[in-house]
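Try each task before reading its solution.

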Amino acid sequence: MNNKFFIESREISNNNPPYIIAEVSANHNGSIIRAKETILAAKNAGVDAVKIQTYTPDTMTIDVNNPDFYIKDGLWKGRSLYELYGEAYTPFEWHNELFSYAKDIGVTLFSSPFDETAVDLLESLNVPAYKVASFEIVDLPLIRYIAKKNKPILISTGMASIDEIANAIESAKSVGNNKIALFHCISSYPAPIDSANLNMIQILKNEFNVQVGLSDHTLGNLASVTATSLGATVIEKHFTLDRSDGGVDSSFSLEPDEMKSLVKDTRDAFSALGCCEFSRSSVEDSNKVFRRSLYFVEDVNEGDVITRESVRRIRPGFGLSAKFYDVVIGSVCLKPAKRGDRVTLEHFDKDVIK
C-alpha cells in the first residue's frame, strides 16, 4: 500500500505503530484550565496527538422548540441538540491559547471542524491535519473545503454506506488531496464490544486503498489492540482526566493510566506482528540445540552396519539432522563410535544424503 502520509514529522503507514490520538471532545467540562491539563496528561501518556472539536451551538444547529431537534434515546436522551452542543463545545476564543500551549509542551494538536468558519479558524492556527466526524461524512461541500487546504484528512465512517464513504473520498480527491485515512467507527456511545466489527478494517483497506484506522468508542482497550493486529494505522480514543468528574463524553473515555496502557499495548501489538516475509527470530537460535538429532546409542566399530538399535533420534541437536535417519540406517560405519557420540558425516558415505 503506497499511500503513506505524514502528520508533522510522523509517518502514517503500516511501517510504523499506530498513530494514537487522544480525543478531548467535551471533556474539558467548560474550563480552559482543564482543557490544558487534559492535553498535558495525554502528552504524558505518550500519545502522538491530541484532538479537539471546533464548533459552536449555532454552527451545528438552531435553538428551536421542535421535536426534530431533541435526542430520542441513548446517552443524551431528552436533551436538545442546541443544549448539548452548548455544553460540549470548545469556544473559538480558546483555540489560539490551546494550540500555543500544545506547541510549548511538544504535542501535536488538531481538530474536527464542523463548518467552514471552523476550518478558517484552524487554518489561521496552521493546524497540521483535519478530522471529519462520522456525522459529517455526508457533508461533501465541507469535505471539499477541508481537502482544499491540502492537509491530511482523517474521515470517520460511522453509519456510512460504502457509497457514502466512496463519495467522501472522491470529494477529497477531486480537489487534489490524496492524504486520506479512514476510521472504522461504530457510532454508538459507548459501542458494545460485540458490535465492534473490526474485520471492516481490512474491508475498507481493500475497497479504498487508503490508510485505515479505528475511532474506538468501546469500553477498554481490547478493540484498539485487536485493530492494531488487523492493520489499523491510526487509533482514536476519547480521553478524560477523571470519568467521575462527569461530562458529556466521560463515560466512554479513557483516563490517563488507561491511555498510557493503550499506547504501550498497541505498540507491543505492532511489534508482535513482525515482518511480512517468512523468517525465524534470532531469539530462537539458542534453543536449536534442544531439537532432535542423530546419536549413537551403542558402541559401533568401523565396518559395522548402522542399525536402528545403534542410532536414535534424540535430544540434543548437535548431531546430524534427524531428517537423515532413514538414509543413515543400513549404511556402513566408516569410523568407530561410542555410545553418546554424535552421528556425523565422517561416519558414513556422504553420498547417501544427497
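**Exercise 1. Start at asparagine 3: which backbone oxygen does its side chain reach, and at what distance?**

Solution. The side chain of asparagine 3 reaches the backbone oxygen of asparagine 209 at 2.4 Å. Keep in mind that this is a predicted model. Next, look at the other partner: the asparagine 3 side chain also makes a polar contact of 2.7 Å with the side chain of glutamine 211. Now place the residue in the chain: asparagine 3 sits in the segment before strand S1 (5-7). Last, check the accessibility: at 13%, asparagine 3 counts as buried, because the cut-off for buried is under 20%.

**Exercise 2. Is serine 156 buried or exposed, and which side chain does it contact?**

Solution. First find the residue: serine 156 belongs to strand S7 (residues 153-156). Its relative accessibility is 1%, so serine 156 is buried. Then follow the side chain, which is joined to that of lysine 131 by a polar contact of 3.2 Å. Lysine 131 turns up again in a network of salt bridges that share partners, together with Glu23, Lys51 and Glu236.

**Exercise 3. How many salt bridges does the structure hold? Work through three of them, asking what each pair links.**

Solution. The count is 15 salt bridges.

- Step one: glutamate 97 and lysine 36 meet through their side chains, 2.5 Å from N to O. This pair links distant parts of the chain, with glutamate 97 in helix H4 (residues 95-105) and lysine 36 in helix H1 (residues 32-45), 61 residues apart. Glutamate 97 is partly exposed, at 39% relative accessibility.
- Step two: arginine 243 pairs with glutamate 258, and their closest N and O atoms are 2.7 Å apart. Arginine 243 is in the loop between strand S10 (234-238) and helix H10 (256-273), while glutamate 258 is in H10 itself, so the bridge ties together parts 15 residues apart in sequence. For accessibility, arginine 243 comes out partly exposed at 29%, and glutamate 258 is partly exposed at 27%.
- Step three: lysine 335 and glutamate 346 form a salt bridge at 2.8 Å, N to O. Both residues lie in the segment after helix H11 (325-328), so this pair ties together parts 11 residues apart in sequence. Lysine 335 is partly exposed, with 35% relative accessibility.

**Exercise 4. Head for the surface: which residues form a negative patch, and which make a nonpolar one?**

Solution. Take the charged patch to begin with: Glu298, Asp299, Glu309 and Asp341 form it. One of these, glutamate 309, is in the loop between strand S11 (293-296) and strand S12 (311-314). At 51% relative accessible area, glutamate 309 is exposed, because exposed means over 50%.

Now for the nonpolar patch, which covers about 250 Å² and is made by Val305, Val332 and Leu334. Valine 305 also lies in the loop between S11 and S12. With 48% relative accessibility, valine 305 counts as partly exposed.

**Exercise 5. How many residues separate aspartate 63 and serine 80 in sequence, and what is their C-alpha distance?**

Solution. Along the sequence, aspartate 63 and serine 80 are 17 residues apart. In space, their C-alpha atoms are 8.3 Å apart. To finish, locate aspartate 63 in the loop between helix H2 (57-60) and helix H3 (81-88). Aspartate 63 is exposed, at 60% relative accessibility.

Conventions
Residues numbered from 1 in each chain as written. Predicted model: local features only at pLDDT ≥ 70, side-chain atom pairs only at ≥ 80, totals over all residues. Heavy atoms only, no water. Patch = residues over 30% accessible without salt bridge, like charges linked within 9 Å, V, L, I, M, F, W, Y side chains within 5 Å. Areas by Shrake-Rupley, 256 points an atom, 1.4 Å probe, with all protein chains shown as cover. Salt bridge = Lys/Arg side-chain N within 4 Å of Asp/Glu carboxyl O. Lys, Arg positive; Asp, Glu negative; His and termini not counted. Charge placed at Lys NZ, Arg CZ, Asp CG, Glu CD. Helix = DSSP H or I, 4+ residues; strand = E, 2+ residues; numbered from the N terminus. Buried < 20%, exposed > 50% of the residue type's maximum accessible area, 1.4 Å probe, protein only. Polar contact = N/O pair within 3.5 Å; in protein donor to acceptor, adjacent residues only side chain to side chain.
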